[in-house]
Amino acid sequence: MDVCGEKGMKHSQKGFTFLEVIIALALLGSALTIILGLQSALVQRTVLERQQREASVLAREILSAIEARESAGEPMDVGVFSGTPADILNGILPVENTEAEAPSEPPIADYEAQLSVEYWGIPNVNDNAMKRIELMISWGERKPESLQLVLFIPFDEDEVTEEQNEEEE
C-alpha cells in the first residue's frame, strides 16, 4: 500500500534544477569575463598604435623641416629645444611656411617633443663633420609611449675642408 496515495505515478523531471542553472551562469560569467578582458587589451593596443602612428607623422614633419632648412643653407643651431611638436616645427621653419593643413582628426594625446642638435665628429677628419639630431616625442609616462629618432646630416666635404683651411690660417 502506497502511503502517499499515488498509485503507479511516475515522477518525470521537467526543466532544470537550481544547481544546473547556477553552474550554467557561472560558466557564462567566466566566459564573458575572459572575452571582455581580451577586448580591453585589444582596445588599449589599438589606442597605443594610433598614438605611435601620430607621433611618427609628427616626427617625420619635424625631420623633413630640418633637412629642408639644412639643404637651404640655414643650418640648425646646436642645442636642446623642448615644447610641443608644433612649437618645435614653428621654430625650425619660417612663419610663412608653417601654414599646414588642419589635421582631419584631432590628436588623441598631448605630445611633447625634445630636439637635440649637436656636432658629431669623425676621427681623423673633423670634429664638426656632421650633425647628430635626436628627436624624442612622448605622450605618456611609460617607455612604449614615446618615439625616439636620430638623424645624421653630413656636411659638404668642400665646406669642411674650407673651414679647416680657415682655421689653419
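Biologist: How many salt bridges does the count come to?

Modeller: The count comes to five salt bridges, where a salt bridge is a side-chain nitrogen of Lys or Arg within 4 Å of a carboxyl oxygen of Asp or Glu. Please note that this is a predicted model, in which local features need pLDDT of at least 70 and side-chain atom pairs count only at pLDDT 80 or more, while totals for chains, interfaces and linings use all residues. Residues are numbered from 1 along each chain as its sequence is written, and side-chain values use heavy atoms, with hydrogens and water left out.

Biologist: What is the mean pLDDT of the protein chain?

Modeller: The mean pLDDT is 80, and 75% of the residues reach 70 or more; pLDDT is the predictor's confidence in each residue, from 0 to 100. Helices (H or I, at least four residues) and strands (E, at least two) are DSSP runs, numbered from the N terminus.

Biologist: Back to the salt bridges. Which residue does E70 meet?

Modeller: The side chain of E70 meets that of K131 in a salt bridge, at 3.2 Å from N to O. E70 lies in helix α1 and K131 in strand β3, so the pair ties together parts that are 61 residues apart in sequence.

Biologist: Is K131 buried or exposed?

Modeller: K131 counts as buried, at 1% relative accessibility. Buried means under 20% relative accessible area, exposed over 50%, and partly exposed in between (1.4 Å probe, protein chains only).

Biologist: And how far apart in helix α1 are R45 and E49?

Modeller: R45 and E49 are four residues apart in helix α1, which means about one helical turn separates them. Their side chains meet in a salt bridge of 3.2 Å, N to O. R45 is exposed, with a relative accessible area of 56%, whereas E49 is partly exposed at 37%.

Biologist: Which residue in β4 is the bridge partner of K131?

Modeller: The partner is I153. I153 is buried, with a relative accessible area of 13%. The C-alpha atoms of I153 and I133 are 7.8 Å apart, although 20 residues separate the two along the chain.

Biologist: Lastly, which residues form the nonpolar patch on the surface?

Modeller: F16, V21, L25, L28, L32 and I35 form the patch, with about 630 Å² of accessible area together. Patches are made of residues with over 30% relative accessible area and no salt bridge: like charges are joined within 9 Å, and nonpolar side chains (Val, Leu, Ile, Met, Phe, Trp, Tyr) within 5 Å. Accessible areas come from the Shrake-Rupley method with a 1.4 Å probe, and for residues only the protein chains shown count as cover. F16 is found in the segment before α1 (18-71) and is exposed, with a relative accessible area of 71%.

Key
Pairing = 2+ DSSP bridges.
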